[in-house]
Amino acid sequence: MTTVTPTAVIRGIGSCLPPQVLSNEDVKRRGVLDTTDEWIRTRTGIARRRAAEEHTSTGDLAVAAGRAAQESAHARADLLLLATTTPDRRCPATAPEVAYRLGLGAVPAFDLSAVCSGFVYAVTVATALVRTGVCTRPLVIGAETYSRIIDPLDRDTAVIFGDGAGAVLLEAGDRAEPGAIAAVDWGSDGSGSDLIAIAAGGSRRPDTSPRLCREDRYFRMSGRAVYGHAVRRMTDSSLAVLARAGWRPGTVGAFIGHQANKRILDSVADRVGIAPRFRHGNIRDVGNTAAASIPLALADTAARHRVQPGTRTLLTAFGGGLTWGSVALSWPAARPRSSEPEPRDARSTTHPTPEGKAPWNLSTTTS
Ligand code: UT7
């Protein structure tokens, strides 16, 4: 008798975008930036992005996206992994509170920090946990509020980044099913750790006082240098994961790359050999949402019914660290859900019981 190794299968897809839309003109006005709508559109592919309101945190977006993914899957998670660079607080991790607010009980829950590669890293970890039987239904959320760490006066970053959250619910399943993870690839190169960074606020430089200069207090990115790394690393990682899956690039029917910059995505897809009609994403409307970018693009593409379930799909990401990663999977059959941000004081709507088993709540769907 042959035993088939199970893999992780995407059963549910959820997303949450804060309602406030910032156009390129809004960003230019806010920072009195020397830029134009035309420059931003042609050099990055971005026309607008979302910004969380003052009272909305990364956790609030994560709860909404996570709930939507569970509703999409009609299932409840037994582990929660939150990919983010903008946690609600420096301590503790945001994931346990998100799990609590979702009424998941005493499930393991932790944050994963790999900047813009965070979602792909988290899917890789979740897949390994499923394949080894550590959990059966991990909820992977990518959620960010970069509006809190971006310097509005810095045109290298202010024009690019936006807020949002996306999530997938995975479950142990068969490799032949739509949504099955076929192969993963990931890596890092810490020699480039200064290229994308917030200089102060960690143990090396704990000071976060307002006396700090903007350069040290805010997120900074050496755009040009990062551009080259991003193209090279995502191309190499994409080819590596396809080789691992045994798929020729010409057989890939859906490509979603980390939405850093449309030009970067096109360069990667050209080099890998993915035709333009197979490239999907919504960078024009949401900008670069770091760890949320791939699940948001996945949710948007699925909502538009652009890809047949079972289609060979390539996800690839690159981010600070430096980090990168790719996932080869078949396109999921899940119908995505979207949701409004959930304020923290709305947690009572999940009614966790003392045992932590919340009743299943399907009432917040807005898709
Ligand atoms: O998400 C994590 C990973 N992040 C990325 O992968 C992002 C990577 N980097 C980028 O997306 C791009 O490098 C940027 C969007 C940040 C910058 O675009 P670029 O095409 O690399 O511009 P550049 O820095 O090479 O500058 C080209 C020109 C320069 O003018 P001159 O010297 O040619 O006259 C810049 O001063 O564009 C100018 N410029 C701008 N002009 C208007 C640079 N930024 C801007 C701006 N608005 N925001």
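Helices (H or I, at least four residues) and strands (E, at least two) are DSSP runs, numbered from the N terminus. In these terms, Leu322 lies in the loop between β12 (312-319) and β13 (323-330). A cis peptide bond joins Gly321 to Leu322, with omega about -10 degrees. The model is a predicted one, in which local features need pLDDT of at least 70 and side-chain atom pairs count only at pLDDT 80 or more, while totals for chains, interfaces and linings use all residues. Residues are numbered from 1 along each chain as its sequence is written, and side-chain values use heavy atoms, with hydrogens and water left out.

A further cis peptide bond runs from Cys91 to Pro92, with omega near 0 degrees. Pro92 is placed in the loop between β4 (79-83) and α4 (95-101). The backbone also has a positive phi of about 50 degrees at His74, although this residue is not a glycine. His74 belongs to the loop between α3 (58-73) and β4, and counts as exposed at 57% relative accessibility; here buried means under 20% relative accessible area, exposed over 50%, and partly exposed in between (1.4 Å probe, protein chains only). Val115, also not a glycine, has a positive phi of about 50 degrees. Its place is the loop between β5 (109-112) and α5 (118-131), and Val115 is buried at 12% relative accessibility.

Attention now turns to charged side chains. Side chains of opposite charge can pair when their charged atoms come close. The structure holds 23 salt bridges, each defined as a side-chain nitrogen of Lys or Arg within 4 Å of a carboxyl oxygen of Asp or Glu. One of them joins Arg11 and Glu171, at 2.6 Å from N to O. This pair links distant parts of the chain, since Arg11 is in strand β1 (residues 7-16) and Glu171 in strand β7 (residues 163-173), 160 residues apart. Arg11 is partly exposed, at 24% relative accessibility. In another salt bridge, the closest N and O atoms of Glu97 and Arg89 are 3.9 Å apart; Glu97 is buried at 18%, whereas Arg89 is partly exposed at 44%. Asp151, Asp154, Arg214, Glu215 and Arg220 are linked in a network of salt bridges.

Arg155 takes part in a salt bridge with Asp34 (3.9 Å, N to O). Arg155 is in helix α6 (residues 155-158) and Asp34 in the loop between α1 (24-31) and α2 (37-44), so that the pair links parts of the chain 121 residues apart. Arg155 is partly exposed, with a relative accessible area of 47%, and Asp34 is exposed, at 63%.

The ligand is surrounded by 22 residues, the closest being Thr35, Arg43, His258, Asn261 and Asn288, where a residue is near a molecule or strand if one of its heavy atoms lies within 4 Å of it.

Finally, Arg279 is found in the loop between α9 (262-272) and α10 (283-286) and is buried, with a relative accessible area of 19%.
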